[in-house]
Amino acid sequence: MVDTEVNSTDFDSLSDLLARGPFAALTGAGISTDSGIPDYRGEGSPPRNPMSVNQFLSDENYRKRYWAGSHRGWLAFNQTRPNRGHVALARLESMGVVSGVITQNVDGLHIRAGSSRVVDVHGSMSSVTCQTCGQSFSRVGIERQLSALNPDIDHPDFVRMNPDGDAEVSDIESFRIPSCSICGGMLKPDVVYFGEFVPTGKFSAAKAIVAQSAGLMVLGSSLAVNTGIRLVEQARREQKPIIIVNRGATKADARATIRVEGGISEFLERIVSISV
């Protein structure tokens, strides 16, 4: 079943599915657009050429580009707040309609909205780890270090963020990058880069949420990344219903039990209203 708008969705059918037991929720960038964070592949999104993990680890100029752009975009990114969709999803978890949240986002907004069982399969922007000694640092502390190292970098009132919170930069020659305060080693944000594997423990935790649930809801993801498709395929193999809500086509539309074309916040608030 494919619907053109959230308002036209057959919520009786949705209620019947959700009555089978709690659903796992898999979220992508589309749930955070109402918070002002752009998505990756939605209408109007610019072409992306993501930095690979090998580029970051092997080339200081790539690290400079990452840290300069991320530092410039951090203030706006860190000031984003959970939106109606995040709040509704947290409420559905507290009501027992949702068993847990598996998110491909690195913004931390599900936790801040009140969701308690969250697996961030692609990591989080809130922490940074030394690649030499393994020491973990708060991103807030690293931002203070970046400001001290680069006092002439301005933070304009408006920055056009990319989906991962960074901003476009050009002159990076003089930019100074942070290092580990314990051993002087290379610092890397705790996010999964292009070409990097999702940590085994996190993916196992995500699979466990799907296995323990009556079905899977995909919310705001085009499923272009392998992580999401693997979880959808798990649900399909386990013969569990799959609900997909997104603006635009996804790679798993043909596998959906119910496919909704529409906004995530509106959809989740309707689910709350029929589940009370």
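These are my notebook entries on a predicted model, taken up region by region.

**Ground rules.** I number residues from 1 along each chain as its sequence is written, and side-chain values use heavy atoms, with hydrogens and water left out. Because the model is predicted, local features need pLDDT of at least 70 and side-chain atom pairs count only at pLDDT 80 or more, while totals for chains, interfaces and linings use all residues.

**Entry 1, the cores.** I started with the nonpolar cores, meaning sets of buried Ala, Val, Leu, Ile, Met, Phe, Trp, Tyr and Cys residues joined through side-chain atoms within 4.5 Å. Buried is under 20% relative accessible area, exposed is over 50%, and partly exposed is in between (1.4 Å probe, protein chains only). The largest core holds 24 residues, and Leu 89, Leu 219, Ile 243, Phe 267 and Leu 268 have the most contacts inside it. Elements giving it two or more residues include helix H4 (84-94), strand S8 (215-219) and helix H9 (264-275). Here helices (H or I, at least four residues) and strands (E, at least two) are DSSP runs, numbered from the N terminus. H9 gives the most, with five residues. I then looked up Leu 268: leaving out residues up to four places away in sequence, I find that Leu 268 touches Ile 31, Gly 85, Ala 88, Leu 89, Leu 92 and Leu 219. Contact means heavy atoms within 4.5 Å. A second, separate core has 23 residues, among them Trp 74, Phe 137, Cys 180 and Leu 187.

I found Met 95 in the loop between H4 and S3. Met 95 is partly exposed, at 30% relative accessible area. Beyond four places in sequence, Met 95 touches Val 272, Ser 275 and Val 276. Ser 275 is 180 residues from Met 95 in sequence, yet their C-alpha atoms are 8.2 Å apart.

**Entry 3, a three-stranded sheet.** I next traced an open sheet with the order S6-S5-S7 and antiparallel pairing. Two strands pair if DSSP finds at least two bridges between them. Strands S6 (136-138) and S7 (187-191) stand at the edges with a single partner strand each, so one side of each has no neighbour in the sheet. S5 (residues 123-130) pairs with S6 over three bridges, and Val 128 has Phe 137 in S6 as its bridge partner. Helix H3 (residues 60-78) lies across S5 and S7, at about 135° to S5. Axes are lines fitted to C-alpha atoms, for helices over the stretch in contact, and angles run from 0 to 180 degrees between N-to-C directions.

The axes of H7 (residues 200-211) and H8 (residues 226-237) come within 10 Å and cross at roughly 30°. On the H7 side I listed Phe 203, Ala 206, Lys 207, Val 210 and Ala 211; they meet Thr 227, Arg 230, Leu 231, Gln 234 and Ala 235 in H8.

Leu 223 has phi near 60° and sits in the loop between S8 and H8. At 0% relative accessibility, Leu 223 is buried. Gln 239 has phi of about 55° and belongs to the loop between H8 and S9. Gln 239 is exposed, at 74% relative accessibility.
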